[in-house]
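Please open the model in your viewer and keep the sequence beside it, so that each selection can be followed in both places.

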Amino acid sequence: MYDAKTIFFLALVFFMATRGRPEKVFTIQQFNRILGFLNGLKFKTKAQEKFWEIDQNKAINFTDLSADIELMKLFKTVDRQRNAYEQNVELYKIIQHKATTTVPLTNLEKEILGYDWTDRDGFFNCQKALTTYAKLEKIAKSEIERAESQKRQEAIKKTLEQQTDGQKRRKENERRKYFLGGVVLKYSQFLKDNYLFGPQDTEEAILQHLLEDFIV
């Protein structure tokens, strides 16, 4: 049997090991995709160059990743960079298309289209600019969504306030109707008890008769 301290320590270790995002599992197809990606790159980052050189020297197998922790870390870095690169390529195409429309380009968009991808410095400077552009677009989108959400909340609040006023009016009308109805019922019963009207006379008939007498 474990003592209380040991159980607490084991639970803490388990919690630390399982918290956060689940460990990403790679497939051999993804591994081959990375190698194909690196093979097609004219200019590589330090991590990409290092992984590519290791593969060129000893031909990395997919099983080598699980056996080598450092190699797996390097592979994950390259995979993240591949994903970022592909997103930048799609973003670059969107900006290129925008340049063919009547929508004016921003200074950053003009800067991005001005880089030469066949030049090493131009290639990496453009990647950095595209990353910055993506972050700005994300911030702008978040701000637009926040503003729209605020407008929706204000509209909902205004609607609720209007509904509340209407409910108050309906409640007041119902209270008045209930009060007047109670008065009529009591007065009608008083008239019947004093034989001014018969038991068969309804409250509506009594009220109609009284109104007619009052008008006369």
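This is a predicted model: local features need pLDDT of at least 70, side-chain atom pairs count only at pLDDT 80 or more; totals for chains, interfaces and linings use all residues.

**The whole chain**

Begin with the protein chain shown as a cartoon, where you can find eight helices and zero strands, so that from the N terminus on the elements read α-α-α-α-α-α-α-α. If you colour by burial, 21% of the 216 residues in the chain come out as buried. Among the contacts that join residues at least 6 apart in sequence, 47% link residues at least 24 apart.

**Helices α3 and α5**

Next, select residues 46-58, which form helix α3, together with residues 69-99, which form helix α5. Two packed helices are described by the angle between their axes and the distance between the axes. Here the axes come within 9 Å and cross at roughly 125°, which means that α3 is oblique to α5. The crossing in which α3 passes α5 is left-handed.

Which residues of α3 and α5 make the contact? On the α3 side, show Ala 47, Gln 48, Lys 50, Phe 51 and Ile 54, and on the α5 side show Leu 71, Leu 74, Phe 75, Thr 77, Val 78 and Gln 81. Sorted by class, this contact of α3 with α5 holds seven nonpolar, three polar and one charged residues.

**Helices α5 and α6**

The axes of α5 and α6 come within 10 Å and cross at roughly 110°, which makes α5 roughly perpendicular to α6. Tyr 92, Ile 95, Gln 96, Lys 98 and Ala 99 of α5 meet Glu 109, Ile 112 and Leu 113 of α6, and the residues of this contact divide into five nonpolar, one polar and two charged.

**Ala 59**

Move to the loop between α3 and α4 (62-67), and select Ala 59 there. Most residues other than glycine have a negative phi, and most peptide bonds are trans. The phi of Ala 59, however, is near 55°, a positive value in a residue other than glycine. Ala 59 is partly exposed, with a relative accessible area of 46%.

**Thr 45**

Go to the loop between α2 (28-40) and α3, which contains Thr 45. Is Thr 45 buried or partly exposed? At 23% relative accessibility it counts as partly exposed, because buried would require a value under 20%. Leaving aside neighbours within four places in sequence, Thr 45 is in contact with Gln 81 and Phe 124. Although Thr 45 and Phe 124 are 79 residues apart along the chain, their C-alpha atoms are separated by 8.8 Å.

**Gln 127**

Finally, select Gln 127, a residue of helix α7 (residues 120-193). Gln 127 is buried, with a relative accessible area of 10%. Which residues does Gln 127 touch, not counting those up to four places away in sequence? Show Tyr 85, Asn 88 and Trp 117, for these are the residues it touches.

Conventions:
Residues are numbered from 1 along each chain as its sequence is written. Side-chain values use heavy atoms; hydrogens and water are left out. Axes are lines fitted to C-alpha atoms, for helices over the stretch in contact, and angles run from 0 to 180 degrees between N-to-C directions. Helices (H or I, at least four residues) and strands (E, at least two) are DSSP runs, numbered from the N terminus. Angles under 35 degrees count as roughly parallel, over 145 as roughly antiparallel, 65 to 115 as roughly perpendicular and the rest as oblique. A crossing is left-handed if the near helix is turned anticlockwise from the far one by less than a right angle, and right-handed if clockwise. Contact means heavy atoms within 4.5 Å. Ala, Val, Leu, Ile, Met, Phe, Trp, Tyr, Cys and Pro count as nonpolar, Asp, Glu, Lys and Arg as charged, and the others, Gly among them, as polar. Buried means under 20% relative accessible area, exposed over 50%, partly exposed in between (1.4 Å probe, protein chains only).
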